[in-house]
Every structure is written in structure tokens, then in C-alpha cells.
Amino acid sequence: MSLYQGLQAELVRFRGHNGDQGDAYYARPTRAGRFPGVVIIHHLPGWDEWIMEVVRKFAHHGYAAISHHLYFREGEGSPDDIGARVRAAGGVADAQVMGDTAGAMAYLRAQPNANGKIGVIGFCSGGRHAYLAACTLPGIDAAVDCWGGNVIIDDPKLLNDKRPVAPIDLTEKLNCPLLGIFGNDDANPTADQVNRSEAVLKKLGKSYEFHRYDGAGHAFFNTARDAYRPDQAADGWKKVFAFYERYLGAAATSVAAE
Amino acid sequence: MCSHIVEKAALVGSAKGRKGWMRIDTANVYFDHPYYSTLDHVLAIDFTNEGEGGRDRVAIELSAESARALVERILAALASGEAAHPVPVQVAAE
């Protein structure tokens, strides 16, 4: 297998919560074979260019990857304008995000290149969604929470009709291995909240690994931000790919397919 | 931070966006990660007309420091402007 592999990226339609149809960005290796799937859950600002880069990164590493637009119901418009409207309306409901995420997983499973394994990964609010998905959706083989805030809720006023439950309170139902990536300078989640999350996972005997990075805050993978920390991000991505290789089998599957 | 915390301010005014001038009735104000700026956090304001659906906006993203300085300059401009152009006192009809 040559060092670099081709990939194809495109916009597709997927069926989400309540059967609603929306847009998703889908990228896959172009070589023959069966590949694990990864669902990428975008951050609160929206379905932006950096998230598309992440989708292509997974395809480059041998995964069939999809990022579904969580705000597609807002209709036409630039991602930032749509994100602003969603924010002004108080965000999207957890139940809707879980329905949409299940739909994105179903899209991957329906493709002829699927090897049957599915991972989810989310960033920022998407990290929280990934944690929720790992606790509530069947069929996830490995989940990655990248600095998901509000997994632990210290202020009950943050719970409402759209976000009725703190994800940490669902940890008993966590049904797949969980990888957590955090910056120690982050304000949400704080280092203390990350420690308390780990204590719950440990107490319940869950399969997890947490990696914490000094000199990094929120969103330190994001090359479009001042928050980007190249050394910490490079190590963090290694941890993500090692985790998925262990539980989804990307490298073994793609090499075997050659 | 990625919260959903938004301060809403009712406004009477207008703003110029990509479609030209529009009336605005709301400012959605929040301090969070930006969409465009490379700063870690910004004070963002979306000027919209929610009475007409709020689909168009005029958006700004400011550093915290410059946002605070702007608040002071707005208050200073109002003070000096209103001193130079006193608002007429309405006299009730007899």
C-alpha cells in the first residue's frame, strides 16, 4: 500500500431525527475495501470548514467519515448565520441531535464499503453529544469526547427542555470504550470537572482513557483558531487514531483489502 | 466555552447588511468562541430583526478588551452628543 491514499469527499443527504432529511459531508478512501465508519459531530459554532477538514482527515486515515449538519432544519444560509440563529433560539435539543446522529450512523452502515464498525467523535458541544451518544445509542464501537463542556452540570439552571439531563448521569449506560481529550487550561470543562468525570467512569468500571494536555485550552486541535497547539494536537490525534485502530480496526482492514 | 448563553437586547434602529439597510429590533450578545476571528473568545453581537424572522443579521466579533472600550465610547458619544443636541422636552398641552 502506498503511503498516500486517494479519497473522495462529497455532500450527501441523510435521514435524521423524525425522518427529516438533511445535508451531511461524507468522505471515504477511494481504494477497494471495507472501512470502519466514523461520525463526526460538529461544534456549537456550526458545520464549518474546519469540520470538513476533519472529515477528510479521517478518510485519509482509512475511515469512511461523515459529519451531519445538526442545524439543517434552519434552511438555506451560510453556516455562521445558521449557527447564530440556532444559538439565539437556545441551541438544538439533545433528542434531536441523537436522532440525527443515529441517522448518520445508519447512512454509514448502508454503504457497500462499510466493515460494520462505527465510531463517533465530537468536538466542544459535539464532545458532549458524543458522550451522550455513547450512553444512549446502540451500535457504537468506540467514542471520542474532545473537550466536551457541560458533561458535568454544576449549575442546575443549565438544564432545560432541550438539555434535560447531564450526560455524566447517564454514564452507567455507557456501552462502548470512551476516549477523552482535554486541555488543562479549558474553562469548560475545567480540569476539576474532567477529574470528576473520570472518577465516575472509574467507579462504574467503564472502559475509558483520558489524556490531558498542559499548555492547551479549549479547541486546541482547531487550526483556524489561536487556541491551536500544534504539539499537543499532534499527540492528541495520535491518541485518537490509535484508539480507533484498536476498537474499529482501520489499519488492519485497509491493508487486508489491498 | 461553547455555552448557549445569550443576552438579548431590544433595540430600535437599523443596520446595514449584505442586502442593504434593514430595521433591527434585537441584539443577541454573547461571549464565546468566534466563528471568524482567530481569538479564543470574542464578544459577539448579532443585530437582527426577530419580528421579521431574524434570518438576516449584521454580525460583529470583538476582543473582550475592545468590547469594553467600545461600551465606554458609546456612552461618551451619547453624553457629548446629547449635550450638543438636547432632546426637546415635551410640554403637555393645557
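Let's start with Ser14(B), which sits in strand 1 (residues 7-17) of chain B. Helices (H or I, at least four residues) and strands (E, at least two) are DSSP runs, numbered from the N terminus. Is Ser14(B) buried or exposed? Ser14(B) counts as exposed, because it has 12 C-beta neighbours inside 10 Å. The cut-offs go like this: buried takes 20 or more other C-beta atoms within 10 Å of the residue's own, exposed takes 12 or fewer, and partly exposed is in between, with C-beta atoms placed from the backbone.

What does Ser14(B) touch, leaving aside neighbours within four places in sequence? Its contacts are Trp21(B), Met22(B), Arg23(B) and Ile24(B). Contact means that two C-beta atoms, placed from the backbone, lie within 7 Å. Ser14(B) and Val58(B) are 44 residues apart in sequence, and their C-alpha atoms are 10.0 Å apart in space.

Some ground rules. This is a predicted model, where local features need pLDDT of at least 70, side-chain atom pairs count only at pLDDT 80 or more, and totals for chains, interfaces and linings use all residues. Residues are numbered from 1 along each chain as its sequence is written, while chains are lettered from A and ligands numbered from 1 in the order in which they are written.

Now confidence. pLDDT is the predictor's confidence in each residue, from 0 to 100. Chain A averages 93, and 95% of its residues score at least 70. One stretch of chain A, residues 252-258, has pLDDT below 50. That stretch has 14 contacts in the model beyond near neighbours in sequence. Where pLDDT is low, the predicted coordinates should not be read in detail. Chain B averages 89, with 90% of the residues at 70 or above. The model as a whole scores ipTM 0.74 and pTM 0.88.

Next, the interface. How many residues of chain A are in contact with chain B? There are 23, and they meet 16 residues of chain B. Helix 2 (residues 79-88) gives the most to the chain A side, with 7 residues. By class, that side divides into 8 nonpolar, 9 polar and 6 charged residues. Here Ala, Val, Leu, Ile, Met, Phe, Trp, Tyr, Cys and Pro count as nonpolar, Asp, Glu, Lys and Arg as charged, and the others, Gly among them, as polar.

Stay on helix 2 of chain A. Its buried residues include Asp81(A), Ile82(A), Arg85(A) and Arg87(A). What covers them? The cover includes strand 2 (20-32), strand 3 (42-48) and strand 4 (57-62) of chain B. After helix 2 comes Gly90(A), with a positive phi near 90°.

On to the cores. A nonpolar core is a set of buried Ala, Val, Leu, Ile, Met, Phe, Trp, Tyr and Cys residues joined through C-beta atoms within 7 Å. The largest has 70 residues. Those with the most contacts inside it are Val39(A), Ile40(A), Ala65(A), Ile66(A), Ala134(A) and Ala143(A). Another core lies apart from it, with 8 residues, among them Ala27(B), Leu43(B), Ile45(B) and Phe47(B). Back to Ile66(A): beyond four places in sequence, its contacts include Tyr25(A), Val39(A), Ile40(A) and Leu108(A).

Two helices of chain A cross. The axes of helix 3 (residues 94-109) and helix 4 (residues 125-136) come within 10 Å and cross at roughly 70°. Axes are lines fitted to C-alpha atoms, for helices over the stretch in contact, and angles run from 0 to 180 degrees between N-to-C directions. Helix 3 and helix 4 are therefore roughly perpendicular. Angles under 35 degrees count as roughly parallel, over 145 as roughly antiparallel, 65 to 115 as roughly perpendicular and the rest as oblique. Asp94(A), Val97(A), Met98(A) and Thr101(A) in helix 3 meet His129(A), Leu132(A), Ala133(A) and Thr136(A) in helix 4. This contact has 4 nonpolar, 3 polar and 1 charged residues.

Last, the backbone. Most residues other than glycine have a negative phi, and most peptide bonds are trans. Trp147(A) has a positive phi, near 45°. Trp147(A) counts as buried because it has 31 C-beta neighbours inside 10 Å. Ala219(A) also has a positive phi, near 60°, and sits in the loop between strand 8 (208-213) and helix 6 (230-248) of chain A. Finally, the peptide bond from Asn188(A) to Pro189(A) is cis, with omega near 15°.
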